[in-house]
Amino acid sequence: MMATLFNPDRIDKNPRTLKMIRFGLCCIFKEQPIKFRRTTATYLSKSSDREQKQRLSEICLINAENLLKALEFCHRNRIGGFRINSQILPLKTHPDVGYDILDLPGSDDIVQAFKACGEFSLKNDIRTTFHPDQFIILSSPNPDVVKRSIADLEYQAQVAQWVNADVINIHAGGVYGDKPSAVQRLVHTIETLSDPVRQRLTLENDDRSYSPRDLLPMCREMNIPLVYDVHHHRCLSDDLSIEEATERCLSTWNREPLFHISSPRDGWNASDTRKHHDFIDINDLPPLWLSMDITVEVEAKAKEVAIRKLMADLNMI
């Protein structure tokens with residue numbers, strides 16, 4: 001299977017064939033001293049507009065520099081992917097203290113620092129993705145929620161262009177007592193998205209409302225890749241086996257597929273199997289995935305430590 005790392009700006013220039021499964025680290029570190037800075041609207045509101053922009057500029061530049069450090073760590077440790085924190089530009093779309101990156105002092109330096117991350121990831125074959133916060137709901141019946149969600153997706157698409165990220169992954173949202181209507185609203189909203197968002201948009205099955213069976217028809221019809229979360233599928237099953245769901249989700253991708261893996265904190269016999277464990281039980285990783293050219297983001301609380309342990313368990317290090 002030929003897998004192409006997607007980049008809308010140079011889609012024909014970077015074909016690649018993977019040798020094996022690659023694992024992705026999600027957003028933060030457990031032990032490494034690499035931190036991404038945040039702030040609050042309450043804190044910023046105590047300062048003048050000029051001071052707010054200066055503070056935000058400093059944080060954005062630090063986050064860009066630390067993103068490069070994160071990618072360098074991944075490269076050194078054979079971690080093939082990194083999910084970028086959705087607040088990498090903190091409060092970017094906040095209704096009171098939001099900003100355009102070009103209005104910040106030193107904006108050129110900030111953008112160039114992020115572009116350096118994109119150059120590094122492309123050169124060293126590290127895939128970057130986004131997974132917006134749970135308040136991003138395109139199927140909401142509340143127009144204000146949808147408007148704010150789209151604004152956040154636009155911001156993340158802007159950063160994704162700088163860093164060469166090929167995925168902005170979201171959940172379908174709630175059911176609101178009428179799943180067909182919710183799906184219809186989701187489809188309508190997706191149709192209105194800008195190209196930079198739409199080109200990167202993926203949907204993920206969740207553990208409460210939407211199984212792979214629910215999302216696959218829409219994904220096929222709209223040419224939207226489906227990120228298969230096997231833990232979620234085990235929590236919210238349908239008539240598809242893991243093997244069948246894997247194959248059908250693979251068919252929705254026009255580039256390297258992205259899947260998710262996690263293990264239940266208290267085991268599969270617990271009353272609540274949704275909570276994530278610190279580590280991955282090797283038995284929770286579908287064996288057929290190991291022979292596929294895919295990215296698997298490891299959603300484990302021990303972060304890079306969990307990935308190293310999983311790779312050791314699989315004799316990959």
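Because the model is predicted, local features require a pLDDT of at least 70 and side-chain atom pairs count only at pLDDT 80 or more, whereas totals for chains, interfaces and linings use all residues. Residues are numbered from 1 along each chain as its sequence is written, and side-chain values use heavy atoms, with hydrogens and water left out.

The largest pocket holds about 900 Å³ of space. A pocket is an open set of points on a 1 Å grid over the protein atoms alone where a 1.4 Å probe fits, with protein on both sides within 12 Å along at least five of seven lines; lining residues have an atom within 4 Å of a point. The volume is the space filled by probe spheres set on the points, which are joined across faces, edges and corners. Of the 32 lining residues, Arg83, His131, Gln134, His171 and Glu299 are the closest to the centre of the pocket. Strand E4 (81-84) and strand E6 (167-171) are the elements that give two or more residues to this lining, and E6 gives the most, with three. Helices (H or I, at least four residues) and strands (E, at least two) are DSSP runs numbered from the N terminus. By class, the lining comprises nine nonpolar, 12 polar and 11 charged residues; here Ala, Val, Leu, Ile, Met, Phe, Trp, Tyr, Cys and Pro count as nonpolar, Asp, Glu, Lys and Arg as charged, and the others, Gly among them, as polar.

The structure holds 13 salt bridges, each defined by a side-chain nitrogen of Lys or Arg within 4 Å of a carboxyl oxygen of Asp or Glu. One of them joins Glu297 to Arg83, with the closest N and O atoms 2.8 Å apart. This pair links strand E10 to strand E4 across 214 residues, and both partners are buried, that is, under 20% relative accessible area, where exposed means over 50% and partly exposed in between (1.4 Å probe, protein chains only).

Glu256 and Arg22 form another salt bridge, at 2.8 Å from N to O. Glu256 lies in the loop between helix H9 (242-250) and E9, and Arg22 in strand E3 (residues 22-26), 234 residues apart. Both Glu256 and Arg22 are buried.

In the salt bridge between Lys179 and Asp214, the closest N and O atoms are 3.1 Å apart. Lys179 lies in helix H5 (residues 179-191) and Asp214 in helix H7 (residues 212-222), so the bridge ties together parts 35 residues apart in sequence. Lys179 is partly exposed at 26% relative accessibility, as is Asp214 at 29%. Salt bridges with shared partners also join Arg22, Asp125, Arg127, Asp166, Arg255 and Glu256 into one network.

Lys179 additionally lies over the face of Tyr210, 5.1 Å from the ring centre; the criterion is NZ of Lys or CZ of Arg within 6 Å of the ring centre and within 35 degrees of the ring normal. Lys92 lies over the face of Tyr99 at 5.9 Å.

Seven aromatic pairs occur in the structure. Rings of Phe, Tyr and Trp (its six-membered ring) pair if their centres lie within 6.5 Å, and planes under 30 degrees apart count as stacked, over 60 as edge-to-face and the rest as tilted. Phe259 and Trp289 have ring centres 4.9 Å apart and planes at 50°, so this pair is tilted. Phe259 lies in strand E9 (residues 258-261) and Trp289 in the loop between E9 and strand E10 (295-298), 30 residues apart. Both Phe259 and Trp289 are buried. Phe29, Phe36, Phe73 and Phe82 form one aromatic cluster.
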